[in-house]
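Let's take a walk through this model together. Have the viewer open and follow along.

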Amino acid sequence: MSAARTAVPAPVAAGGIRQAVADGLVVAARNLMRVPRIPELAIFAVLQSIMFVFLFAFVFGGAIPLPGYPGPNAYREYLMPGIFVQTIVFAAATTAIGMCEDVNKGIIDRFRSLPMARSAVLTGRTSSDVVYNAGILVVLMLAGLVVGWSVNSNIASFLAGVGLLLLFAFSMAWLGVWLGLSVPAVEVAQQVSFTVLFPITFISAVFVPISSMPDWLQPIAEWNPVTTLSSSLRGLWGNPNPPPGTGFPSENPILVTLIWIAVIIGVFAPLGVRRYRNMSR
Amino acid sequence: MNAIKAEGLVKIFRSRKNEVRALDGVDLEVAEGSILGLLGPNGAGKTTAVRILTTLLRPDAGHATVAGFDIVREAQQLRSVIGLSGQYAAVDENLTGRENLVMFGRLYQLPKSEARVRANELLEQFDLTDAGDRVVKTYSGGMRRRLDLGSALIGRPKLLFLDEPTTGLDPRSRLGMWEVIRGLVREGTTLLLTTQYLEEADELADTIAVVDHGKIIARGTADQLKADVGGARVEVVVHDRADIARASELLSRDLDGDAALDEHTRKLTVPAHGGAQVLARVARDLDEAGILIDDITLRRPTLDEVFLSLTGHDTAPGDATGTAA
């Protein structure tokens, strides 16, 4: 080693916003670098969603009537926004698995022994997962165009919908962070994620209009953020949007979605941060 | 001045069923520029001690300073002067060696250009230049460990913590690692090292603290510890089972203690002072007595024997396994 030409960095105080952002970006960049290194992850995330498109557009779709929207293409236009939302919900599992893996492989310990901003591991994870999901969404939207989905409104409404999706992705990432820090092993993260996330996406208006569900289930499906977000997107993009119900969330899907996003972040971000802090207990 | 000073460190891991006192009142002092070896079996509390001193865990009682910084109140300042390399190579296997080093350098708050320069230096120092742009997944175990150690050195720490740096390495990689560690020490880095191997502590450490069940049960130089357990051992494998009793008597007379017998292998083990001459004498006496032998060796005490003599039990993991590993 050459003589200690480089000075020992000055002891860092508790952080400062600039350091927190810089360190968060370093961690986020590191998380994103694994995407090209293990392309299978992204490829199968996309394939899984495309499988759902295929199953529902071509297998079940013909048997699912959309009240008020006749025609063979209506269901596919209805389906795609729901698929985008489902993909984002499932992405919480990816976050959880990534987080859990980092803990188990000791990378988190390394991070915690460094003079870096304490927040950066979690903000880096959630922000990189939003970017990753944005990439997946681009591919899915292109696939959607192929099966007959289109945006029938204007660019502003389209971007508003995308913004809403990404905000929701951010909230789901915090859910994933908490989950990933709460389970002992990657396999558990995977199983827990799917046991929780699967029903959330199916008891909703993602695949079928809620009016076909039993009465007792309808209010749950109507208030489900997955329903309100799907319905918001359909409204914003001019896709077939039979009202999920007659209640407040069906009248104000965007507002309810925003409230859900705030609640999910408000609950799971502090829980995740607490889990992270408690690692030193 | 002491680079590390710890007093009465206690750490208790509670689970639903039981409570493990992983550290039960540990005092440590490490002088600047010296090397302390924490020696002990799995589950003794070595890793817990390292994790507390490197701010990864908070102690339940006691206090400690590292490089003058309090481990709880001044954790962030402390982190900027230490390096930690753990038992499991904590590097990102999806990044290249160089990308790992640059990332850790950036998080150590080095400017980007300096992190790059430093990464190059370390790749060269650890003989990883050719592999530097390969994904870590393709590295051998020894290469990963070297990269892990390099990552710990990225910020030129004054103090280095190495938790079982050679566990699981093949003998050649282990020797390579020792060479690297000796090099660091020559440059004046203060080092705290944990190990399960007396030999390793012996090779590398100035002083050794023996840890068992969360307590330090002995400290001293390697020579002092070995003297405590009676120095070297002579081992003789007797050819003919009928000669065992006679051989045992002869050995006990020639040497410094009673011969322990392993019936199955016909092996007699006796503590011995005095080095190679003793061996020559024993061999001659056995020969004169007409006792045929298959093997005779002079060896140092094993960690097991040090432990047995210090604690009355061997190094088989005790109550404190699991969480405290």
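In which sense, left-handed or right-handed, does H3(A) pass H6(A)? Before the answer, some housekeeping: this is a predicted model, where local features need pLDDT of at least 70 and side-chain atom pairs count only at pLDDT 80 or more, while totals for chains, interfaces and linings use all residues. Residues are numbered from 1 along each chain as its sequence is written, and chains are lettered from A and ligands numbered from 1 in the order in which they are written.

Now the answer: H3(A) passes H6(A) in a right-handed crossing. To find the pair, look for residues 74-104 and 155-182 of chain A, whose axes come within 7 Å and cross at roughly 35°. Axes here are lines fitted to C-alpha atoms over the stretch in contact, with angles running from 0 to 180 degrees between N-to-C directions. The helices themselves are DSSP runs (H or I, at least four residues), and strands are E runs of at least two, numbered from the N terminus. By class, this contact has 20 nonpolar, 4 polar and no charged residues. Nonpolar covers Ala, Val, Leu, Ile, Met, Phe, Trp, Tyr, Cys and Pro; Asp, Glu, Lys and Arg are charged, and the others, Gly among them, are polar.

Stay on H6(A), and you'll meet H11(A), residues 253-277, packed at about 30° with the axes 8 Å apart. The two are therefore roughly parallel to each other, a label for angles under 35 degrees. This crossing is left-handed. Among the residues making the contact are A:Trp174 and A:Trp178 of H6(A), and A:Phe268 and A:Arg275 of H11(A). The class count is 15 nonpolar, 4 polar and 1 charged.

Next, the place where the chains meet. The contact (C-beta atoms, placed from the backbone, within 7 Å) takes 30 residues from chain A and 34 from chain B. On the chain A side, H1(A) gives the most, with 6 residues. That side divides into 16 nonpolar, 5 polar and 9 charged residues.

Finish with chain B, which has 11 helices and 14 strands. An automatic or database assignment divides chain B into domain 1 (2-227) and domain 2 (232-299), with C-alpha centres 41 Å apart. The C-alpha trace of chain B spans about 75 × 45 × 40 Å along its principal axes.

Definitions and conventions:
Two residues are in contact if their C-beta atoms, placed from the backbone, lie within 7 Å. A crossing is left-handed if the near helix is turned anticlockwise from the far one by less than a right angle, and right-handed if clockwise. Angles under 35 degrees count as roughly parallel, over 145 as roughly antiparallel, 65 to 115 as roughly perpendicular and the rest as oblique.
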